Amino acid sequence: MSISIQDVCFSYPNANRATIDHFSLTIEKGEVISILGRSGSGKSTMLRLLAGLEAPTKGSFTIQEQVVFDGTTFLQPEKRGIGMVFQDYALFPHMTVRENILFGLSQLKNEEKKKRLREVLELVELQEFEKRYPHQLSGGQQQRVAIARAIAPNPHLILLDEPFSNLDAELQVKIRKELRDILKKAKITSILVTHDENDAYAIADRIVKLKDGCIEVVGRPCDLLVDGQQSMKPTDLLQHELELQSV
Ligand SMILES: Nc1ncnc2c1ncn2[C@@H]1O[C@H](COP(=O)(O)OP(=O)(O)OP(=O)(O)O)[C@@H](O)[C@H]1O
């Protein structure tokens, strides 16, 4: 087991009910999890708790046996080995693609930095674009830079907050598959939050449905579909199943 989140609870000050209510989940190494829920269900709050931007009122979180938080420990965000991809990608506008990716690699020696830069640029297929600035890239390319930057330091986990919200509908469909391919090729454990069922079903190995801060159901896309809870086209599902089998 790679990641264990146990019985996490959290309330914002002045909230009249728990924002996150007894959230428990174990995640295998390399698994892609999608937290799916309506606006206000607590998705971003859960990511903030995992990233260390909020402190839980209860519960524990361990990554490969290392305690990230529990009743006595609270690791600071920069010590957690967690990468983040934000809704707006948060690229540094005055830095090129190359500089954006190198930003998180300051601990490495120069030769290692260059090697890792080449690897992640190849992974996201942006080798030709390393000298461009973010404003010279399409939305989808910017998203791939944000992913490359998050993956470059080899984090234990990456968190993606509504990574498609800035893309138009056509691009969104194309990028869903690309993103899944990138995450699977990098063998990186990922949690992606979204309010869009199609995103969740197309990308995730397992979906966690969140409602009012509580987990409603957890399951593989194919199992949840058997319950008739989603409207994905059978062709999409077949494609997804084939991809799952090939990794
Ligand atoms: N800083 C805050 N202080 C108080 N309440 C907050 C704060 N941030 C969020 N909330 C409340 O916590 C609940 C969960 O919010 P959260 O942003 O986690 O939901 P979400 O599922 O990510 O929503 P969305 O999809 O709209 O981003 C909501 O009721 C929200 O109003």
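Which residues of α4 are buried? They are Gln142, Gln143, Arg144, Val145, Ala146, Ile147, Ala148, Arg149, Ala150 and Ile151. Buried here has a cut-off: 20 or more other C-beta atoms lie within 10 Å of the residue's own, while 12 or fewer make it exposed, anything in between is partly exposed, and C-beta atoms are placed from the backbone.

This is a predicted model, in which local features need pLDDT of at least 70, side-chain atom pairs count only at pLDDT 80 or more, and totals for chains, interfaces and linings use all residues. Residues are numbered from 1 along each chain as its sequence is written. Helices (H or I, at least four residues) and strands (E, at least two) are DSSP runs, numbered from the N terminus.

Stay with α4 for a moment. The helix covers residues 139–151. Of its 13 residues, 10 are buried, so α4 is largely enclosed by the rest of the structure. The cover over its buried residues includes β6, α2 (97–102), α3 (110–123), β7 and α5 (169–185). Its length also checks out. The expected span is 1.5 Å times one less than the number of residues. For the 13 residues of α4 that gives 18 Å, and the end C-alpha atoms are 18 Å apart, which agrees.

Now the sheets. Strands of a sheet pair through backbone hydrogen bonds, either parallel or antiparallel. Two strands count as paired if DSSP finds at least two bridges between them.

Axes are lines fitted to C-alpha atoms, for helices over the stretch in contact, and angles run from 0 to 180 degrees between N-to-C directions.

Follow β7 next. β7 (residues 157–161) pairs with β8 (residues 189–194) in the parallel sense over 5 bridges. Leucine 157 has threonine 189 as its bridge partner in β8, and leucine 160 has leucine 192. β6 and β7 also run parallel, joined by 4 bridges. There, methionine 84 has leucine 159 of β7 as its bridge partner.

How buried are these strands? In β7, 5 of the 5 residues are buried, so the strand is largely enclosed by the rest of the structure. Leu157, Leu159 and Asp161 point one way, Ile158 and Leu160 the other. β6 is covered on both faces, with Ile82 and Met84 buried on one side and Gly83 and Val85 buried on the other.

The other open sheet has 4 strands in the order β2-β1-β4-β5, and its pairing is antiparallel. β2 (20–27) and β5 (66–69) stand at the edges with a single partner strand each, so one side of each is left without a neighbour in the sheet. Here too, neighbouring strands are turned by 20° on average, direction ignored. β1 (residues 3–10) and β2 pair in the antiparallel sense over 5 bridges. Phenylalanine 10 stands opposite isoleucine 20 in β2.

Contact means C-beta atoms, placed from the backbone, within 7 Å. In α1, Lys43, Thr45, Met46, Leu47, Leu49 and Leu50 are buried. Just after the helix, glycine 52 takes a positive phi of about 95°.

Finally, the ligand. Its surroundings are Tyr12, Ala15, Thr19, Gly37, Ser39, Gly40, Ser41, Gly42, Lys43, Ser44, Thr45 and His195. A residue is near a molecule or strand if its C-beta atom, placed from the backbone, lies within 6 Å of it. The shell divides into 2 nonpolar, 9 polar and 1 charged. Ala, Val, Leu, Ile, Met, Phe, Trp, Tyr, Cys and Pro count as nonpolar, Asp, Glu, Lys and Arg as charged, and the others, Gly among them, as polar.

Histidine 195 lies in the loop between β8 and α6 (197–203). Histidine 195 is partly exposed, with 16 other C-beta atoms within 10 Å. Leaving aside neighbours within four places in sequence, histidine 195 is in contact with Gly37, Arg38 and Ser39.

Note on methods
Contact = placed C-beta atoms within 7 Å.
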